[in-house]
Every structure is written in structure tokens, then in C-alpha cells.
Amino acid sequence: MTRSASLRILGPVLLAACAMTSQARAQAPATTMNGILVGPNQMTLYVFDKDAAGSGKSVCNGGCATNWPPLMAAAGDTASGDWSVITRDDGSKQWAYKGRPLYYWVKDAKPGDKTGDGFLNNAWHAAKP
């Protein structure tokens, strides 16, 4: 009797916890600050002109990804609206906005820095919503 009473009480609580986890995974991985997309750490996010929008691929791998770390997605993260998850060459997951993979720039030292904007013959740009 005690076991079934516990299940009746805990069942809705466990379902609510699962629903909250699913909602958290569906939330956008970035926000906007001063008209620029920023990651959860409030650092500027960038897009790369050599990435073909909507291709589901990033061309920034190896040494490129060392300087331009991807905005990584967790295994359970799901796409929603303008946000999608792409699979990188190494099998890891990366967030994309409107089909364009998102990256940080290692030389940005603090939130609000945009030192990568226009880098490499204007191939890198601060991501805008």
C-alpha cells in the first residue's frame, strides 16, 4: 500500500521534472546583447563566410577550431525555430543559427569584445539575430 501511494505522489513530480528537462534542452543556446548573438558565457558568437548556410556542415576544423571554438551542443539538445544542431567532422555537435554554424574567437577576452569581427579578409563576422 505504501509503495503505490508513493508512486501516486511522486509520479506527477517525476513527470514534471522530465518536462522541465525537455524544455531546457529546447531553449535557444544563445541570447542577444547589443544586437549581437552571445553564448551562455556572454561572449560574442561568430559566423564564417566559408560555411555554406544550411549545409549542416562546418568547414572550420582542426587548427581553425582551436582559434574559433564551436558553440557546442550537448547530445540531448534539440533544434527549435531558427536554431539547428549540426554534426562536426569529429562527430561532435555544434549549434547553428539560421543554418550557419556558430563559433567563439579565442582572442576575445571579455563579454562585449568583438575582436574577431572582420578577421581574415572579412570572412568572420559577429553573428546577428
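## The order of the elements

Starting at the N terminus, the elements of this chain follow the order α-β-β-β-α-β-β-β-β-α-β. That makes three helices and eight strands.

## How confident is the prediction?

Keep in mind that you are looking at a predicted model. The chain has a mean pLDDT of 85, with 80% of its residues at 70 or more. Residues 1-25 are a stretch to read with care: the pLDDT there is below 50, and this stretch has five contacts in the model beyond near neighbours in sequence.

The chain has 129 residues, and 31% of them count as buried. Its accessible surface comes to about 7600 Å², with 58% belonging to carbon and sulfur atoms.

The largest nonpolar core has 13 residues, and Leu37, Leu45, Leu71, Trp83, Leu102 and Ala127 have the most contacts inside it. Another core, of 10 residues, lies apart from it and includes Ile36, Cys60, Ala123 and Ala126.

## A closer look at Thr44

Where is Thr44 placed? You will find Thr44 in the loop between β2 (36-38) and β3 (46-48). Why does Thr44 count as buried? Its relative accessible area is 3%, so Thr44 falls under the 20% cut-off.

A polar atom of the Thr44 side chain lies 2.6 Å from the backbone oxygen of Asp113. Asp113 is also one of the residues in contact with Thr44 when neighbours within four places in sequence are left aside; the others include Leu37, Tyr103 and Ala126. Leu37, in turn, is in contact with residues including Thr44, Trp83 and Pro129.

Key. Residues are numbered from 1 along each chain as its sequence is written. Side-chain values use heavy atoms; hydrogens and water are left out. Helices (H or I, at least four residues) and strands (E, at least two) are DSSP runs, numbered from the N terminus. Buried means under 20% relative accessible area, exposed over 50%, partly exposed in between (1.4 Å probe, protein chains only). A polar contact is a pair of N or O atoms within 3.5 Å; within protein, one must be able to donate a hydrogen and the other to accept it, and residues adjacent in sequence count only if both atoms are side-chain atoms. Contact means heavy atoms within 4.5 Å. pLDDT is the predictor's confidence in each residue, from 0 to 100. A nonpolar core is a set of buried Ala, Val, Leu, Ile, Met, Phe, Trp, Tyr and Cys residues joined through side-chain atoms within 4.5 Å. Accessible areas come from the Shrake-Rupley method with a 1.4 Å probe; for residues, only the protein chains shown count as cover.
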